[in-house]
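We will go from stop to stop, selecting as we go.

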Amino acid sequence: MALSGLLFIFWRIVEFVTLIPIIGMLAWFVNGFTDSNQLTPNYILVLFITSVLAGAWALFTLIGYARTRHSGLFVALVDLGFVGALIAGVYELRGIAGQNCSNFSAGSFYVDLGPFGYYGRQSNSPWAANVNKPCAMLKAA
């Protein structure tokens with residue numbers, strides 16, 4: 001196996017390991033909205049779906065290394081597509097950037113979080129027990 005093959009395998013593993021925490025954090029939000037019978041906002045769904053698909057792509061290209069090494073241009077094109085989609089997901093999530101997570105109890109973004117924000121606080125939802133957690137997790141994602 002050449003150096004390029006080892007670098008390809010290493011990069012796929014790093015890519016997959018990097019996506020695991022993002023998928024986990026966003027899955028927590030999707031689960032919370034689903035348990036509350038509410039629609040998940042676009043800024044969470046875009047990033048969640050993109051990261052799940054990118055993780056699956058990284059895993060399948062790692063498993064199918066024997067085939068993907070012959071179609072490097074196609075793999076690179078799909079990877080660039082996922083980079084663009086992840087950038088679009090971060091752009092959709094831009095509303096959290098200006099929020100203060102140590103005092104996250106006011107503003108339109110707080111209201112938009114549904115069971116994690118204002119409405120969850122008013123209905124004593126267990127998802128809104130710690131108001132700073134959703135803010136910190138969205139900033140980390």
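A nonpolar core is a set of buried Ala, Val, Leu, Ile, Met, Phe, Trp, Tyr and Cys residues joined through side-chain atoms within 4.5 Å. Keep that in mind for the second stop.

**Confidence.** This is a predicted model. Colour the chain by pLDDT. The mean for the protein chain is 82, and 80% of its residues reach 70 or more. Select helix α2, residues 42-63: among the elements of the chain, its mean pLDDT is the highest, at 92. Now select helix α6, residues 118-122, which has the lowest mean, 64. Where pLDDT is low, the predicted coordinates should not be read in detail.

**The core.** Select Leu26, Phe29, Ile44, Leu93 and Leu138. These residues have the most contacts inside the largest nonpolar core, which has 24 residues. Helices α1 (3-35), α2, α4 (72-92) and α7 each supply at least two residues of this core. Its largest share, 7 residues, comes from α1. In soluble globular proteins, nonpolar side chains tend to be buried together.

Stay on Ile44. Which residues is Ile44 in contact with, leaving aside its neighbours within four places in sequence? They are Leu26, Phe29, Val30, Phe33 and Leu138.

**Helix α7.** Select residues 132-140. Pro134, Cys135, Met137 and Leu138 are buried here. They cover an arc of only 170 degrees around the axis, so they lie on the same side of α7.

**Aromatic pairs.** The structure holds 3 aromatic pairs. Select Phe8 and Tyr65. Their ring centres are 5.5 Å apart and their planes are at 35 degrees, so this pair is tilted. Phe8 is in helix α1 and Tyr65 in helix α3 (residues 65-68), so the pair links distant parts of the chain, 57 residues apart. Tyr65 is buried, with a relative accessible area of 15%.

Next, select Trp28 and Phe29. Their pair is edge-to-face, with 5.1 Å centre to centre and 75 degrees between the planes. Is Phe29 buried or exposed? At 0% relative accessibility, Phe29 counts as buried.

**A charge over a ring.** Select Arg94 and Tyr91. The charged end of Arg94 sits over the ring of Tyr91, 4.1 Å from the ring's centre.

**Last stop: a loop.** Select Asn37, in the loop between α1 and α2. Its phi is near 55 degrees, a positive value in a residue other than glycine. Most residues other than glycine have a negative phi. Asn37 counts as exposed, at 73% relative accessibility.

Methods. Residues are numbered from 1 along each chain as its sequence is written. Side-chain values use heavy atoms; hydrogens and water are left out. Buried means under 20% relative accessible area, exposed over 50%, partly exposed in between (1.4 Å probe, protein chains only). Helices (H or I, at least four residues) and strands (E, at least two) are DSSP runs, numbered from the N terminus. The arc is that of the directions from the helix axis to the C-beta atoms. pLDDT is the predictor's confidence in each residue, from 0 to 100. Contact means heavy atoms within 4.5 Å. Rings of Phe, Tyr and Trp (its six-membered ring) pair if their centres lie within 6.5 Å; planes under 30 degrees apart count as stacked, over 60 as edge-to-face and the rest as tilted. A charge sits over a ring if NZ of Lys or CZ of Arg is within 6 Å of the ring centre and within 35 degrees of the ring normal.
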